[in-house]
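Here are a few notes to keep beside you as you look through this model for the first time. Take them in order, with the viewer open.

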Amino acid sequence: MISREPTLERLAVAKSLLLTPFGLDESHLTRALNEIKAHQVDEADLYFQYTRAEGWSLEEGIVKTGSFSIDQGVGVRAVSGEKTAFAYSDDISEASLLDAARTVRSISSVAQEGRLKSASKKIASARSLYQGLDPIATLDSTAKVKLLEKVEQLARTKDPRVAQVMAGLASEYDVVMVARADGTLAADVRPLVRLSVSVIAEQKGRREMGSAGGGGRFGLAYFDDAIIEQYVDEAVKAALTNLEARPAPAGEMTVVLGPGWPGILLHEAIGHGLEGDFNRKGSSAFSGRIGQRVAAKGVTVLDDGTLADRRGSLNVDDEGNTSQRNVLIEDGILKGYIQDAMNARLMGVQPTGNGRRESYAHIPMPRMTNTYMLAGDKSPEEIVASIKKGLYATNFGGGQVDITSGKFVFSASEAYWVENGKILYPVKGATIVGSGPECLKRVSMIGNDMKLDSGVGTCGKEGQSVPVGVGQPTLRIDGLTVGGTA
């Protein structure tokens with residue numbers, strides 16, 4: 001649902017935290033923006049942020065660390081053509097605001113002629129995808145410690161080979177407000193929680209690890225007994241599976257990716273290449289290819305910031321634009337790119353609600369939200385049964401991509417060797433190497449089991465990290481290169 005009503009509520013919260021305590025009101029924001037507009041600029045905005053974050057971690061049966069932080073500040077930006085001037089301060093005051101405004105307007109040496117007319121105020125419309133609660137306050141400290149202890153005790157009862165358990169709980173309350181030169185005011189109140197569990201299992205002197213976890217934009221009550229048990233089961237199973245793993249074969253082969261988190265390959269190999277800045281500059285393997293076939297038939301990829309409670313979702317992006325459901329590839333045809341305001345203006349298209357920044361101390365750029373592939377019509381069993389000889393990868397660790405060439409490298413943290421449609425044994429040390437554009441064309445079977453990840457993804461770009469989501473169904477990809485240890 002898109003309306004202005006929730007935005008007014010969020011604006012009230014934002015003003016109470018970011019303006020009122022510092023003796024500021026909307027007139028001060030208008031004055032700062034008018035200072036910037038005294039010179040000819042294409043865009044200007046003020047980005048205020050207040051963030052409260054808390055983290056707990058357990059190791060060796062005891063809570064070893066607890067952290068709490070509060071950060072607040074304002075970023076001031078002016079854009080002229082494709083040049084950006086940016087200043088930020090953790091001192092929210094009229095003097096800092098005006099000082100930053102005068103600094104960034106120097107990006108344009110051309111002064112505006114005549115009297116400057118203030119833009120009329122516009123409240124941005126926004127979605128209501130999550131509650132504006134403070135998740136840190138949804139459980140007291142004793143209950144948070146007990147939750148982590150429960151994770152540890154449960155993991156140890158699962159199997160005698162479990163030698164070590166590590167668990168972490170993180171909560172964040174993030175309030176942002178954007179004031180733009182065109183008069184737009186927008187705000188968001190963003191809760192974010194995450195529970196993670198890692199298990200080390202030991203057998204005959206061999207030690208292997210398994211990890212699991214999840215979260216989203218809600219309170220800590222989400223982590224009930226059933227969810228905790230699910231995470232623990234996944235982590236223990238992964239560790240025990242890896243104890244039995246043999247070295248992975250190497251070579252070109254059929255690879256089947258499991259549903260959910262393996263969508264991280266999609267995020268890295270394809271998603272980054274569809275971000276507007278890389279395409280405007282012509283440095284992406286997908287540049288200038290709108291309307292062309294870039295993937296096999298049946299491949300439809302979305303970036304969707306509108307999914308309720310998801311880690312990657314936003315009511316408004318960090319430029320005050322409403323989040324959207326953007327179809328990037330439809331049935332194999334490239335339909336569009338992910339855009340922030342500046343790249344959209346320079347490419348002559350509309351922003352897609354993907355202007356994101358790590359904090360008030362960073363400039364926005366086009367970034368993914370929740371990126372996933374839609375389901376097909378094959379059962380996962382049928383897809384695995386179709387492998388003559390190949391790899392079935394159900395979980396991934398890290399990965400990286402070269403945007404220009406589209407080449408990627410990924411390490412599989414849980415994978416199996418399959419022959420004649422039968423899963424024979426787990427393997428370790430498998431790395432999947434390929435090219436994003438080529439890999440999409442080699443998708444030969446798409447599962448009917450599309451799943452989103454459990455809510456753990458963080459994406460890095462140019463030194464900035466933001467929370468994201470990924471997802472996909474089971475996928476068969478032919479002729480991928482697997483680097484192994486066998």
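1. Start with what the buried residues of H5 pack against: helix H4 (141-158) and the strands E7 (162-180), E8 (184-203), E9 (206-216), E19 (407-419) and E20 (422-428). Contact here means heavy atoms within 4.5 Å. Helices (H or I, at least four residues) and strands (E, at least two) are DSSP runs, numbered from the N terminus.

2. A word on the source: this is a predicted model, in which local features need pLDDT of at least 70 and side-chain atom pairs count only at pLDDT 80 or more, while totals for chains, interfaces and linings use all residues. Residues are numbered from 1 along each chain as its sequence is written, and side-chain values use heavy atoms, with hydrogens and water left out.

3. H5 itself covers residues 225-243. Its 19 residues reach 27 Å from first C-alpha to last, close to the 27 Å expected (1.5 Å times one less than the number of residues). Among its buried residues are Ile227, Ile228, Tyr231 and Val232; buried means under 20% relative accessible area, exposed over 50% and partly exposed in between, with a 1.4 Å probe and protein chains only.

4. How do H4 and H5 meet? Their axes come within 10 Å and cross at roughly 45° (axes are lines fitted to C-alpha atoms, for helices over the stretch in contact, with angles from 0 to 180 degrees between N-to-C directions). H4 and H5 are therefore oblique to each other; angles under 35 degrees count as roughly parallel, over 145 as roughly antiparallel, 65 to 115 as roughly perpendicular and the rest as oblique. On the H4 side the contact includes Leu147 and Val151, and on the H5 side Ile228 and Val232.

5. For another helix pair, look at H2 (residues 26-37) and H3 (residues 94-104), whose axes come within 8 Å and cross at roughly 20°. That makes H2 roughly parallel to H3. Residues making the contact include His28 and Leu29 of H2, and Leu97 and Leu98 of H3.

6. Finally, please check two loop residues. Lysine 204, in the loop between E8 and E9, has a positive phi of about 50° although it is not a glycine. Asparagine 420, in the loop between E19 and E20, has a positive phi near 50°. Most residues other than glycine have a negative phi. Are these two buried or exposed? Lysine 204 counts as exposed at 85% relative accessibility, and asparagine 420 counts as exposed at 58%.
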